[in-house]
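Subject: Structure for you, with notes

Hi,

Here is the structure I promised to pass on.

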Amino acid sequence: MEIEVNLIITDYSMPGMTGFDLLRKIKESESLKGIPVVIRSSENVPSRIDRCLEEWAEGFFLKPVWLSDVDKLEPHLLRNYASVLVKQLFTSTSLN
(Lines give C-alpha, C1' and ligand atoms only; values in the text may rest on other atoms or scores of the structure.)
Protein backbone atom coordinates (compact mmCIF):
# COMPACT_ATOMS: atom_id res chain seq x y z
CA MET A 1 0.00 0.00 0.00
CA GLU A 2 1.42 3.36 -1.05
CA ILE A 3 0.85 6.33 1.23
CA GLU A 4 0.66 9.74 -0.37
CA VAL A 5 1.74 12.67 1.79
CA ASN A 6 -0.11 15.91 1.00
CA LEU A 7 1.54 18.23 3.47
CA ILE A 8 4.24 18.22 6.15
CA ILE A 9 3.68 20.37 9.25
CA THR A 10 6.60 20.59 11.65
CA ASP A 11 7.65 22.55 14.66
CA TYR A 12 10.69 24.80 14.40
CA SER A 13 12.24 23.72 17.71
CA MET A 14 12.87 19.99 17.87
CA PRO A 15 15.50 17.83 19.56
CA GLY A 16 18.46 17.24 17.26
CA MET A 17 17.48 19.60 14.44
CA THR A 18 15.45 22.68 13.68
CA GLY A 19 12.44 22.91 11.42
CA PHE A 20 14.70 24.80 9.02
CA ASP A 21 17.11 21.84 8.93
CA LEU A 22 14.22 19.47 8.23
CA LEU A 23 12.88 21.80 5.52
CA ARG A 24 16.27 21.79 3.74
CA LYS A 25 16.50 17.99 3.92
CA ILE A 26 13.00 17.63 2.47
CA LYS A 27 13.64 20.11 -0.35
CA GLU A 28 16.96 18.38 -1.22
CA SER A 29 15.26 14.97 -1.48
CA GLU A 30 14.11 13.97 -4.98
CA SER A 31 11.21 11.96 -3.57
CA LEU A 32 10.03 14.54 -1.02
CA LYS A 33 10.80 17.96 -2.52
CA GLY A 34 7.33 18.38 -4.05
CA ILE A 35 5.56 18.06 -0.70
CA PRO A 36 4.57 21.42 0.82
CA VAL A 37 6.12 22.13 4.24
CA VAL A 38 4.64 24.41 6.90
CA ILE A 39 6.67 25.33 9.95
CA ARG A 40 5.20 26.50 13.24
CA SER A 41 6.78 28.11 16.25
CA SER A 42 5.87 29.87 19.46
CA GLU A 43 8.74 32.31 18.92
CA ASN A 44 8.16 35.34 16.70
CA VAL A 45 11.64 35.77 15.24
CA PRO A 46 11.31 37.63 11.89
CA SER A 47 14.74 36.55 10.60
CA ARG A 48 13.87 32.89 11.29
CA ILE A 49 10.50 33.23 9.57
CA ASP A 50 12.02 34.97 6.53
CA ARG A 51 14.78 32.36 6.26
CA CYS A 52 12.28 29.49 6.22
CA LEU A 53 10.03 31.19 3.66
CA GLU A 54 13.04 31.97 1.45
CA GLU A 55 13.94 28.27 1.50
CA TRP A 56 10.55 27.25 0.10
CA ALA A 57 8.42 26.69 3.20
CA GLU A 58 4.79 27.08 2.16
CA GLY A 59 4.00 28.85 5.38
CA PHE A 60 5.19 29.74 8.84
CA PHE A 61 2.56 29.85 11.57
CA LEU A 62 3.00 31.26 15.03
CA LYS A 63 1.47 29.31 17.90
CA PRO A 64 -1.23 29.11 18.82
CA VAL A 65 -2.40 28.13 15.35
CA TRP A 66 -5.79 29.61 14.54
CA LEU A 67 -8.53 28.29 12.27
CA SER A 68 -7.71 31.08 9.80
CA ASP A 69 -4.18 29.63 9.59
CA VAL A 70 -5.53 26.16 8.91
CA ASP A 71 -7.76 27.57 6.16
CA LYS A 72 -4.59 28.73 4.37
CA LEU A 73 -3.57 25.08 4.01
CA GLU A 74 -6.66 24.10 2.03
CA PRO A 75 -5.21 24.79 -1.45
CA HIS A 76 -2.28 22.44 -0.75
CA LEU A 77 -4.56 19.68 0.45
CA LEU A 78 -7.04 20.12 -2.39
CA ARG A 79 -4.30 20.26 -5.04
CA ASN A 80 -3.08 16.79 -4.15
CA TYR A 81 -6.60 15.49 -3.68
CA ALA A 82 -7.56 16.73 -7.15
CA SER A 83 -4.48 15.02 -8.58
CA VAL A 84 -5.55 11.71 -7.03
CA LEU A 85 -9.07 12.09 -8.41
CA VAL A 86 -7.77 12.77 -11.92
CA LYS A 87 -5.50 9.70 -11.75
CA GLN A 88 -8.42 7.58 -10.58
CA LEU A 89 -10.64 8.94 -13.35
CA PHE A 90 -8.13 8.18 -16.09
CA THR A 91 -7.37 4.75 -14.66
CA SER A 92 -11.02 3.74 -14.41
CA THR A 93 -11.97 5.08 -17.85
CA SER A 94 -9.01 3.80 -19.87
CA LEU A 95 -9.85 2.60 -23.34
CA ASN A 96 -9.79 -1.15 -23.98
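How many salt bridges are there by this rule: a side-chain nitrogen of Lys or Arg within 4 Å of a carboxyl oxygen of Asp or Glu? The count comes to five. I'll go through some of them below, after a few words on what you are looking at.

This is a predicted model, so local features need pLDDT of at least 70 and side-chain atom pairs count only at pLDDT 80 or more, while totals for chains, interfaces and linings use all residues. Residues are numbered from 1 along each chain as its sequence is written, and side-chain values use heavy atoms, with hydrogens and water left out.

**The overall layout**

The chain has four helices and five strands (DSSP runs numbered from the N terminus: H or I of at least four residues for helices, E of at least two for strands). In sequence order, the pattern reads β-β-β-α-β-α-β-α-α. Of the 96 residues in the chain, 28% are buried (buried is under 20% relative accessible area, exposed is over 50%, and partly exposed is in between, with a 1.4 Å probe and protein chains only). As for contacts (heavy atoms within 4.5 Å), take those between residues at least 6 apart in sequence: 50% of them join residues at least 24 apart.

Strand β4 (residues 37-41) and strand β5 (residues 59-62) run parallel and are joined by four bridges (two strands pair if DSSP finds at least two bridges between them). Val38, for instance, has Gly59 in β5 as its bridge partner. Together with helix α2 (residues 46-54), β4 and β5 make a right-handed β-α-β unit. Right-handed here means that, with the strands pointing away from the viewer, the path from the first strand over the helix to the second runs clockwise.

**The salt bridges**

Side chains of opposite charge can pair when their charged atoms come close. Here are three of the pairs.

- Lys63 and Asp11 form a salt bridge, and their closest N and O atoms are 2.4 Å apart. Lys63 is in the loop between β5 and α3 (67-71) while Asp11 is in strand β1 (residues 8-11), so the pair ties together parts that are 52 residues apart in sequence. Lys63 is partly exposed at 34% relative accessible area, whereas Asp11 is buried at 16%.
- Glu43 and Arg48 meet through their side chains in a salt bridge of 3.2 Å, N to O. Glu43 is partly exposed, with 36% relative accessibility, and Arg48 is buried at 19%.
- Asp69 and Lys72 form a salt bridge whose closest N and O atoms are 3.8 Å apart. Asp69 is buried at 10% relative accessible area, but Lys72 is exposed at 53%.

**Around helix α2**

Arg48 lies in helix α2. Apart from neighbours within four places in sequence, Arg48 is in contact with Tyr12, Ser41, Glu43 and Phe60.

Arg51 is also found in helix α2, and with a relative accessible area of 42% Arg51 is partly exposed. Not counting residues up to four places away in sequence, Arg51 touches Tyr12 and Phe20. Arg51 and Phe20 are 31 residues apart along the chain, and their C-alpha atoms are separated by 8.1 Å.

In the loop between β4 and α2 you'll find Asn44, which is exposed at 54% relative accessible area. Asn44 is in contact with Ile49 and Leu62, again leaving aside neighbours within four places in sequence. The C-alpha atoms of Asn44 and Leu62 are separated by 6.8 Å, with the two residues 18 apart along the chain.

**The aromatic pair**

The structure holds one aromatic pair (ring centres of Phe, Tyr or Trp, using its six-membered ring, within 6.5 Å; planes under 30 degrees apart are stacked, over 60 edge-to-face, and the rest tilted). The rings of Tyr12 and Phe60 have centres 6.5 Å apart and planes at 45 degrees, so the pair is tilted. This pair links distant parts of the chain, 48 residues apart: Tyr12 is in the loop between β1 and β2 (13-14), and Phe60 is in strand β5. Both Tyr12 and Phe60 are buried.

Cheers
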